[in-house]
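Biologist: Could we go through the aromatic contacts in this model together? Please keep the answers plain.
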Amino acid sequence: MTSVTPVSALKLPAPGAVAQVAATELARVLGPAQVSLRDEDRLSYARDMWPKALLWIRQGKIPPPPDLVAWPASEAEVAAVIAVARAHKLAVVPFGAGSGVCGGTIALRGGIALDLKRLETIGRVDPDNLWVEVDAGVIGEVLERNLNEQGYTLGHFPSSIYMSTVGGWLAARSAGQLSNKYGKIEDMVLSLRAVTGAGEVVETPQRPFSGPDLGQVLLGSEGTLCVFTRVRLRVHPVAQHRAFRGMRFKTVEAGVEAMRLLFAAGLRPAVVRLYDPFDTALVGKEKPKKKKDLAPSLRNPLRADLLPAALRKLTPLTLGHPSLMNRAADLFQHCRMILMFEGEPRRTQEEALEAVRLCEKAGGHDEGEAPGRAWFKKRYDVSYKMSKVVDAGAFADTMEVAATWDRVLPVYEAVREAAAGLAFVLCHFSHAYPEGCSLYFSLVSSAGSEANQEKRYDTLWETILEAATGAGANVSHHHGVGVLKAAQLARELGDGRRLLLALKGALDPDGILNPGKLSL
């Protein structure tokens with residue numbers, strides 16, 4: 001984890017003299033209202049949603065803030081900001097909507113926070129070639145709503161869709177809930193425009209084309225190589241039909257094998273999410289209104305009464321002993337898988353039936369459409385639930401990694417074992433490929449004083465990342481790297497980091513773009 005020294009949120013360090021000169025120059029280019037040295041603005045851009053920063057906020061501290069904030073309204077103005085920053089050797093931190101969870105927008109060297117949300121144009125869909133051009137500052141939900149009004153969809157539905165931008169998706173190689181069918185954001189990009197750290201505007205050729213794809217190099221660069229300004233994205237007609245299914249498995253192993261069978265058979269459900277036993281008990285099953293509606297086999301006092309009561313009573317004191325809760329989680333056995341297919345009605349129904357057959361072959365039990373429909377209705381809710389844990393004085397975080405099928409279960413067990421004494425841990429498996437899938441761990445803990453909370457947080461991340469990568473996982477699947485995983489990424493890249501450094505030197509010769517991220 002890259003070292004970050006917080007500062008007092010009550011008394012920010014004053015902008016340096018160089019930054020004040022740069023602000024004056026930028027005000028002439030962008031307009032006085034589009035540049036700010038005000039503490040309230042600098043405070044707002046000092047962090048994203050990195051949980052460690054939330055721990056600092058409870059202590060009256062924040063990550064180091066930028067010296068000033070700029071709001072360009074065009075690609076030319078972005079290039080002008082870069083030119084001023086180069087002239088004064090000021091860092092530039094591109095900023096979308098601030099929904100990242102890895103500290104990717106922290107101004108480690110101060111400088112300029114470059115908010116791109118005024119780049120907000122959405123073009124009309126090309127009905128023959130099925131693409132749309134979009135500015136980088138567009139909020140995801142606004143884009144999808146606009147496309148739906150034209151009869152199309154991007155097919156990209158991250159949990160942060162209401163609070164993330166297209167540029168942020170590109171910067172972190174975002175994945176959406178329907179990625180099994182539509183791919184991750186990098187699979188949707190046909191061409192893009194960006195401003196490099198040298199102030200040059202680059203436009204990549206539209207795919208497919210011959211030669212190296214610079215666009216794929218820039219995607220996932222988290223503001224260290226360029227500032228995205230506009231992108232041409234592949235779109236699809238809105239689906240005519242959706243088919244939902246819920247499957248129950250006796251073990252995680254059986255559920256993972258069912259996922260593997262689905263993709264080995266060539267099926268591509270828009271959604272396949274397998275919840276481990278305790279995640280199933282918490283979020284994987286719908287809540288019946290009346291106990292009498294439950295089947296007799298489910299009228300279990302532990303499941304029906306004690307578990308909800310226990311969850312309501314979760315306190316920092318309880319979460320301070322996660323090993324006890326993790327052992328309690330072992331009492332739960334069944335896993336739930338959510339499946340959703342969408343597209344042409346007849347094909348969708350046939351694929352859903354074939355998926356049920358393959359899941360039953362792996363030992364699954366068909367629970368009908370209700371679980372899938374219930375998940376779809378509340379598919380974004382989880383993004384807003386973790387704040388309650390923070391409000392209660394504990395901390396919550398997530399870790400998403402990916403592994404090949406032969407390593408998925410070893411990674412799952414290694415992380416659970418490593419985290420057992422440090423955090424209450426749950427997991428679901430999603431974003432699947434023919435080769436493997438993503439593992440998405442949810443982690444909740446507490447450790448008494450705020451100082452101890454921070455120490456436990458750091459120890460937890462060091463422990464679980466080492467466990468995951470040691471068992472065969474990569475460092476990140478779709479949340480990006482930021483400051484949280486920068487050191488681990490450097491180790492994962494190995495000799496390949498020399499290529500990354502060479503790209504940095506070529507595209508950002510003064511090293512001003514988002515320093516300290518991606519180990520750069």
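Biologist: Is F376 buried or exposed?
Modeller: F376 is buried, at a relative accessible area of 16%; buried means under 20%, exposed over 50%, and partly exposed in between, with a 1.4 Å probe and protein chains only. Please note that this is a predicted model, in which local features need pLDDT of at least 70, side-chain atom pairs count only at pLDDT 80 or more, and totals for chains, interfaces and linings use all residues. Residues are numbered from 1 along each chain as its sequence is written, and side-chain values use heavy atoms, leaving out hydrogens and water.
Biologist: Why is the pair of W375 and F376 tilted?
Modeller: Their ring centres are 6.4 Å apart and their planes stand at 50 degrees, so the pair is tilted. Rings of Phe, Tyr and Trp (its six-membered ring) pair if their centres lie within 6.5 Å; planes under 30 degrees apart are stacked, over 60 edge-to-face, and the rest tilted. W375 is buried too, with 10% relative accessibility.
Biologist: Which charged end sits over the ring of F376?
Modeller: That of R379, 3.9 Å from the ring centre. The criterion is NZ of Lys or CZ of Arg within 6 Å of the ring centre and within 35 degrees of the ring normal.
Biologist: And where does R232 sit?
Modeller: The charged end of R232 lies over the ring of W131, 3.6 Å from its centre.
Biologist: Changing topic, how many aromatic pairs are there in the whole structure?
Modeller: The search finds 10. One of them joins F244 and F376, tilted, at 5.5 Å centre to centre and 55 degrees between the planes.
Biologist: Which residues do ring pairs link into a cluster?
Modeller: Y45, W71 and F95.
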